[in-house]
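The sequence and the model are shown first.

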Amino acid sequence: MASLEARTDFLARRDIALRLMSAKGLRHTSYAPMMHQFLWYCSVPVRPPHFASFLGNFLLMGGWFGVFWGWVTLMFILIWGRRDVPTSVLILSPVSAGVLFGAAMAGYFAYSARKHQLPSWSELQAEVFD
């Protein structure tokens, strides 16, 4: 039963956060990226990026981008037949791309949350709109 209460609390806070960011003038694609929408559709309780921690955004954004970049690198090698690519490039390319992208996105969301004076996740309550 506690799981149902936690899920209901998460959904209520998420909806308040989305309405608050919309009211502050943030673009929908910024406060509800497609990856987050997909995770929410799959019932994964991930916070909107402006309310997630720097580390959480870094790992989520960088992890997904690193996997995508690794796939692109693998497809490049398979399609173009570049068999002489060093293993270090195969490993370091997606890792460095994921780290750079994750840090950039986490920094952007932290900056944007401060710029728009968004409260912390624990401070989100229905009274924000009353």
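The lining of the largest pocket in this predicted model is made up of eight nonpolar residues, two polar ones and one charged one. The residues concerned are Arg27, Thr29, Ser30, Pro33, Met34, Met35, Met61, Phe101, Met105, Tyr108 and Phe109. Two or more lining residues are contributed by each of α2 (28-31), α3 and α5. Helix α5 supplies the largest share, with four residues. The volume of the largest pocket is about 170 Å³.

**Helix α3**

Which residues of α3 are buried? They are His36, Leu39 and Trp40. These three lie on the same side of α3, because the arc they cover around the axis is only 100 degrees. In general, an α-helix has 3.6 residues a turn, so residues three or four places apart point the same way. On the face of α3 turned away from the buried side are the exposed residues Met34 and Tyr41. Met34 also belongs to the lining of the largest pocket.

Trp40, one of the buried residues of α3, is touched by arginine 14. Arginine 14 sits in helix α1 (residues 2-23). Its relative accessibility is 15%, and since buried means under 20%, arginine 14 counts as buried. Besides Trp40, arginine 14 touches Pro48 and Trp121, when residues up to four places away in sequence are not counted. The side chain of arginine 14 also makes a polar contact, at 3.2 Å, with the side chain of aspartate 15.

Glycine 98 is placed in helix α5 and is buried, its relative accessible area being 5%. With residues up to four places away in sequence not counted, glycine 98 touches Gly62, Phe65 and Gly66. How far apart are the C-alpha atoms of glycine 98 and glycine 62? The separation is 4.2 Å, for two residues 36 places apart along the chain.

Phenylalanine 65 is in helix α4. It counts as partly exposed, at 24% relative accessibility. Apart from neighbours within four places in sequence, phenylalanine 65 is in contact with Ala97, Gly98 and Phe101. Phe101 is one of the residues that line the largest pocket. The C-alpha atom of phenylalanine 65 is 9.1 Å from that of valine 95, 30 residues apart along the chain.

Asparagine 57 is also found in helix α4. At 2% relative accessibility, asparagine 57 counts as buried. Its contacts, leaving aside neighbours within four places in sequence, are Pro49, Ala52, Gly62, Ala106 and Phe109. Phe109 is among the lining residues of the largest pocket.

| Residue pair | Separation along the chain | C-alpha to C-alpha distance |
|---|---|---|
| Glycine 98 and glycine 62 | 36 residues | 4.2 Å |
| Phenylalanine 65 and valine 95 | 30 residues | 9.1 Å |
| Glutamine 117 and serine 93 | 24 residues | 36 Å |

**Positive phi angles**

Serine 43 follows α3 and has a positive phi, near 65 degrees. This is a positive value in a residue other than glycine. Serine 43 is in the loop between α3 (34-41) and α4 (54-80).

Glutamine 117 is not a glycine either, yet its phi is positive, about 50 degrees. Glutamine 117 lies in the segment after α5 (87-115). Its relative accessible area is 64%, and because exposed means over 50%, glutamine 117 is exposed. The C-alpha atoms of glutamine 117 and serine 93 are separated by 36 Å, with the two residues 24 apart along the chain.

Note on methods: Residues numbered from 1 in each chain as written. Predicted model: local features only at pLDDT ≥ 70, side-chain atom pairs only at ≥ 80, totals over all residues. Heavy atoms only, no water. Buried < 20%, exposed > 50% of the residue type's maximum accessible area, 1.4 Å probe, protein only. Polar contact = N/O pair within 3.5 Å; in protein donor to acceptor, adjacent residues only side chain to side chain. Contact = heavy atoms within 4.5 Å. 1 Å grid on protein atoms, 1.4 Å probe; cavity = no way out; pocket = protein on both sides within 12 Å on 5 of 7 lines; lining within 4 Å. Points joined across faces, edges and corners; volume = space filled by probe spheres on them. Nonpolar A, V, L, I, M, F, W, Y, C, P; charged D, E, K, R; others polar. Arc of directions from axis to C-beta.
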